Amino acid sequence: MSAAEIRRVTEVADVVAAEALFDGPPRVEWAERFLDAPGHHLFIAYAKDDGEPVGMVTGVEMTHPDKGTEMFLYELGVAETHRLRGIGRSLVEALADTARARGCWGMWVAVDADNDAALATYRSAGGVTEGAVTIPAWEFGAGR
């Protein structure tokens, strides 16, 4: 049983209120764009004792002509003060449940091979490691 209540977020104010869970401050215009885009999902975990945001997960549905639609687990974060309480697993499970309900054939996430905590969380939520991958990236300067 998780020590938090998991809720789907649809309001920018909820994203901004959970700022500490993100890598940097959410920008209102980006949060609006994310929340308004079809197939974009954001769940926040709220502590049962005080209602504070203590975790978040984002997912994006992707459709390919020969593979159908799958869920990409974009990012998972749990406040350091609330780790090892099942919150990360509960967030991943909420996203997986959404993926199933929306007809996705699967879900995947990219994670550093040495991130033992993340790997343990994903495995506890039913994820299976398929092997090592390398992720080439491009930065175009339009972000932060």
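## Cores, sheet and a buried glutamate

The largest nonpolar core of this predicted model has 18 residues, and Ile87 and Leu91 have the most contacts inside it. A nonpolar core here is a set of buried Ala, Val, Leu, Ile, Met, Phe, Trp, Tyr and Cys residues joined through side-chain atoms within 4.5 Å. Buried means under 20% relative accessible area, exposed over 50%, and partly exposed in between, with a 1.4 Å probe and protein chains only. At least two residues of this core come from each of E2, E3, E4, H3 and helix H4 (116-124). The most is given by H3, with six residues. Apart from this core lies another, of 13 residues, including Val9, Leu21, Ile44 and Tyr46. In soluble globular proteins, nonpolar side chains tend to be buried together.

A word on conventions: because the model is predicted, local features need pLDDT of at least 70 and side-chain atom pairs count only at pLDDT 80 or more, while totals for chains, interfaces and linings use all residues. Residues are numbered from 1 along each chain as its sequence is written, and side-chain values use heavy atoms, with hydrogens and water left out.

### Around Ile87

Contact means heavy atoms within 4.5 Å. Leaving aside neighbours within four places in sequence, Ile87 is in contact with Ser2, Ala3, Ala4, Ala45, Val54, Val78 and His82. His82 belongs to the loop between E4 and H3 and is buried, with a relative accessible area of 14%. Not counting residues up to four places away in sequence, His82 touches Ala47, Val54 and Ile87. The side chain of His82 also makes a polar contact of 2.8 Å with that of Thr81. A polar contact is a pair of N or O atoms within 3.5 Å; within protein, one must be able to donate a hydrogen and the other to accept it, and residues adjacent in sequence count only if both atoms are side-chain atoms.

### The sheet

Helices (H or I, at least four residues) and strands (E, at least two) are DSSP runs, numbered from the N terminus. Two strands pair if DSSP finds at least two bridges between them. Five strands make an open sheet in the order E1-E2-E3-E4-E5, with mixed pairing. Strand E1 (4-8) and strand E5 (107-108) are at the edges with a single partner strand each, so one side of each is left without a neighbour in the sheet.

Strand E2 (residues 40-47) runs antiparallel to E3, and seven bridges join them; His41 stands opposite Gly59 in E3. The hairpin of E2 and E3 has five residues between the strands, and there Gly51 takes a positive phi near 75 degrees. E3 is joined to strand E4 (residues 68-78) by 10 bridges, again as an antiparallel pair, with a hairpin of three residues between them. Met62 has Glu70 in E4 as its bridge partner. E4 and E5 run parallel through two bridges, and Met71 is the bridge partner of Met107 in E5. Helix H3 (residues 87-101) lies across E1, E2, E3, E4 and E5, at about 160 degrees to E4; axes are lines fitted to C-alpha atoms, for helices over the stretch in contact, and angles run from 0 to 180 degrees between N-to-C directions.

The Glu61 side chain makes polar contacts with the side chains of His41, at 2.7 Å, and Arg102, at 2.2 Å. Beyond four places in sequence, the residues in contact with Glu61 are Gly39, His41, Thr69, Glu70, Met71, Arg102 and Cys104.

Gly39 sits in the loop between helix H2 (28-36) and E2 and is buried at 10% relative accessibility. Although Gly39 and Arg102 are 63 residues apart in sequence, their C-alpha atoms are 9.0 Å apart.

### Salt bridges

A salt bridge is a side-chain nitrogen of Lys or Arg within 4 Å of a carboxyl oxygen of Asp or Glu, and the count comes to five. The table shows some of them.

| Pair | N to O distance |
|---|---|
| Asp66 and Lys67 | 3.2 Å |
| Arg89 and Glu93 | 4.0 Å |
| Asp97 and Arg100 | 2.9 Å |

Asp66 is exposed at 58%, while Lys67 is partly exposed at 46%. Arg89 and Glu93 are four residues apart in helix H3, so about one helical turn separates them. Asp97 and Arg100, three residues apart in H3, are likewise separated by about one helical turn.
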